[in-house]
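Thanks for coming. Please have the picture open while I talk.

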Amino acid sequence: MDALVTEKPIDSLEQFCASVISRHRENWPPPETTLAHEFIEAFSPRSLTNTERILGFAKSLGIEASLSCLPEGMHGFNCSNEERTMILLSTEEAIPGSREHTFFHELREILEYRFRDQGCPIATGAALEKRAEQFATYVRMTTHGQEITQLFSGAAEIEQAWKRWLAFAGILAFTVGAGLCCALLPYCEENLRRKQ
Amino acid sequence: MRGLRRGRGLSLKQVEREAGVSNAYLSQIERDLRKPPHPDILNRLAKVYDVPSSDLLIAAGYVEDLNERGITREKIEQAFEHVISHPKFRHGTRLKGTGLGLEAKRFIIEVYEKMKGEKLL
């Protein structure tokens, strides 16, 4: 962790991947949760609860992101060539949070291209899909958790005890709900697809 | 649209429930009083009417009829092979279920064409 703090600020995905490789070269590949944690440390994404936040965050990473009417069954799509990196997200969002989850999933795949370019691939095919899902879930849970911590701090300042405890109880219930939503989103989507 | 609905013995209210599209709006679409609906709505209606969504997208003018342009499944598969074998063009998707359908492959080819300025279809 100290190494993370003392390093120069990371300003691109390539640099981020290079720094991950240099830290974990001896024990490659790092667990997906470690990669996601280091990504959050490096880029400090807020919880991307609306589309503007998603598109703004993508822009800050040098990625052209937009909403698009994607073919049936496609939540998101990413592609890149030498000059451009793009993420297209479906205009349809059957479950709240699905677009944010898909964005981080696509982003993880883009990171994978950077790792490959630097000679350190982590996964391909189904294994990459699985890791991208883990990455998206971890990043969402963590970023939402950070915002919830701020809510707790705000609630702690309420003077009247009963109001303070009521606020704590409300935030706690919200925390449990948000955590379950993040963790179970892929399963909910799969169930919805089967029903359809 | 009306023919599709009636052919399946569905009332406007039933379609409203299943597709989540208001029956008043559906009625206007069926009478050509509104512009073609958004592709998302057409996708939902295609599920209810159990027809390929591409049929409705073509009818609404969002998508070209590939057969009219002589674009066959084989041609799409060939072009897709070209796209995935390109060393500098990387892509990925998050899908419901598994496997890329023909429509998805065609979409990826179109993105590739725009990015690379190369005509494949």
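I start in chain B, with a pair of helices: α2(B) and α4(B) make a right-handed crossing. A crossing counts as right-handed if the near helix is turned clockwise from the far one by less than a right angle, and as left-handed if anticlockwise. Helices here are DSSP runs of H or I with at least four residues, strands are runs of E with at least two, and both are numbered from the N terminus.

Before going on, the source. This is a predicted model, in which local features need pLDDT of at least 70 and side-chain atom pairs count only at pLDDT 80 or more, while totals for chains, interfaces and linings use all residues. Residues are numbered from 1 along each chain as its sequence is written, and chains are lettered from A and ligands numbered from 1 in the order in which they are written.

Back to the pair. Two packed helices are described by the angle between their axes and the distance between the axes. Helix α2 of chain B covers residues 12-19, and its axis comes within 9 Å of that of α4(B), crossing at roughly 115 degrees. Axes are lines fitted to C-alpha atoms, for helices over the stretch in contact, and angles run from 0 to 180 degrees between N-to-C directions. From α2(B), the residues B:Val15, B:Glu18 and B:Ala19 meet B:Arg44, B:Leu45 and B:Val48 of α4(B). In contact means that the C-beta atoms, placed from the backbone, lie within 7 Å. By class, this contact has four nonpolar, no polar and two charged residues. Nonpolar means Ala, Val, Leu, Ile, Met, Phe, Trp, Tyr, Cys and Pro; charged means Asp, Glu, Lys and Arg; the others, Gly among them, are polar.

α2(B) has another partner, α3(B), residues 23-30, and there the axes come within 9 Å and cross at roughly 115 degrees. These two helices are therefore roughly perpendicular to each other. The cut-offs are under 35 degrees for roughly parallel, over 145 for roughly antiparallel, 65 to 115 for roughly perpendicular, and oblique for the rest. The crossing of α2(B) and α3(B) is right-handed. Here B:Leu12, B:Lys13, B:Val15 and B:Glu16 meet B:Asn23, B:Leu26 and B:Ser27, and the contact divides into three nonpolar, two polar and two charged residues.

Now the domains of chain B. The assignment gives domain 1 as 2-60 and domain 2 as 73-116; such bounds come from an automatic or database domain assignment. Taken over C-alpha atoms, their centres are 29 Å apart.

Next, where the chains touch. Chain B gives 22 residues to the contact and chain A gives 25. On the side of chain B, the elements with two or more residues are α4 (39-49), β1 (90-95) and α7 (102-116). That side divides into seven nonpolar, seven polar and eight charged residues.

How many bridges join strand β2 of chain A to β1(B)? There are six, and the strands, β2(A) being residues 74-80, run antiparallel. Two strands pair if DSSP finds at least two bridges between them. A:Ser80 stands opposite B:Arg90, and A:Met74 has B:Leu95 as its bridge partner. Both strands belong to an open sheet of four, in the order β1(A)-β3(A)-β2(A)-β1(B), with mixed pairing. The twist averages 15 degrees from one strand to the next.

Last, chain A. Helix α3(A), residues 32-43, packs on α6(A), residues 125-156, at about 45 degrees, with the axes 9 Å apart. That angle makes α3(A) oblique to α6(A). The crossing is right-handed, and the contact has seven nonpolar, four polar and two charged residues.

The loop between α2 (13-24) and α3 of chain A holds A:Pro29, and the peptide bond from A:Trp28 to A:Pro29 is cis, with omega near 0 degrees. A:Ser44 lies in the loop between α3 and α4 (51-60) of chain A. A:Ser44 has a positive phi of about 45 degrees although it is not a glycine.

Methods. Contact = placed C-beta atoms within 7 Å.
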